[in-house]
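Open the structure in your viewer and keep the sequence panel beside it. The stops below are given in the order in which to select them.

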Amino acid sequence: MVEALRVSQNASDMMDEAFSSLLRINRTDSRCLDIVHRLGRITAGDLARMSGLTTGAVTTVVDRLEQAGYLRRIRDTEDRRKVFLEATERANRLAEAVYGQISEVGQRRMGDMNIEDIIRVTRFLHINAHINKSLSDALREVCAAENDEDDPLKVAKAFATHMRSHSDTVDKGVDDIICGKTPE
């Protein structure tokens with residue numbers, strides 16, 4: 001199962017790379033555009049939190065995506081200080097034309113799965129996403145704390161030690177997903 005998941009993640013990564021090339025944007029910009037596209041409307045602060053980028057980096061990403069015609073800033077009508085980000089119609093059409101093919105083929109080839117199987121697979125994917133997000137956040141934290149360390153193996157071992165003492169946080173998130181709480 002882990003090998004199949006890794007192969008799937010690599011294939012998804014290749015698809016995302018190809019889509020980024022089509023849009024002529026980098027992968028970070030593409031990942032941020034995907035977050036905005038998936039959620040429909042989001043603040044820059046939320047995008048920073050969900051992407052793992054700093055707010056300064058998100059401002060740069062948003063500037064590039066806006067200049068490329070894939071993202072727009074929209075002022076909140078009630079609080080003019082608040083700004084939302086939204087994918088443009090052009091970005092939506094491109095995403096539908098390309099990623100819609102995955103949906104079409106998936107429905108055609110996996111349409112015979114029963115609802116229980118779909119629920120299990122969906123739960124598995126949410127759990128996997130939670131684990132990967134939690135571990136990537138922790139790894140970034142350890143790397144920042146060990147920023148003067150030149151040996152990646154020492155940093156990796158520090159990360160492993162950190163995770164052994166913080167695994168309950170990851171486990172709680174998994175338990176929430178198993179109990180039916182919707183992850184971010």
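Colour the chain by pLDDT, the predictor's confidence in each residue, from 0 to 100: the mean is lowest in helix α7 (residues 152-178), at 87, and highest in helix α4 (residues 55-68), at 97. Over the chain the average pLDDT is 90, and 98% of the residues score at least 70. The model is predicted, so local features need pLDDT of at least 70 and side-chain atom pairs count only at pLDDT 80 or more, while totals for chains, interfaces and linings use all residues. Residues are numbered from 1 along each chain as its sequence is written, and side-chain values use heavy atoms, with hydrogens and water left out.

Helices (H or I, at least four residues) and strands (E, at least two) are DSSP runs, numbered from the N terminus.

**Stop 1: α2 and α3**

Select helix α2 (residues 27-39) and helix α3 (residues 44-51); their axes come within 10 Å and cross at roughly 120°. Axes are lines fitted to C-alpha atoms, for helices over the stretch in contact, and angles run from 0 to 180 degrees between N-to-C directions. α2 and α3 are therefore oblique to each other; angles under 35 degrees count as roughly parallel, over 145 as roughly antiparallel, 65 to 115 as roughly perpendicular and the rest as oblique. In the contact (heavy atoms within 4.5 Å), α2 supplies Arg 31, Cys 32, Ile 35, Val 36, Arg 38 and Leu 39, and α3 supplies Leu 47, Met 50 and Ser 51.

**Stop 2: α3 and α4**

Show Ala 44, Leu 47, Ala 48 and Ser 51 of α3 with Thr 55, Val 58 and Val 62 of α4 to see the contact.

**Stop 3: Thr 43**

Next, select Thr 43, in strand β1 (residues 42-43). Is Thr 43 buried or exposed? Thr 43 is buried (under 20% relative accessible area; exposed is over 50%, partly exposed in between, with a 1.4 Å probe and protein chains only), at 16%. Leaving aside neighbours within four places in sequence, Thr 43 is in contact with Lys 82, Val 83, Phe 84 and Leu 85.

**Stop 4: Leu 94**

Finish at Leu 94, in helix α5 (residues 89-110). Leu 94 counts as partly exposed, at 25% relative accessibility. Not counting residues up to four places away in sequence, Leu 94 touches Phe 19, Leu 22, Leu 23 and Tyr 70. Leu 94 and Phe 19 are 75 residues apart in sequence but 9.1 Å apart in space, C-alpha to C-alpha.
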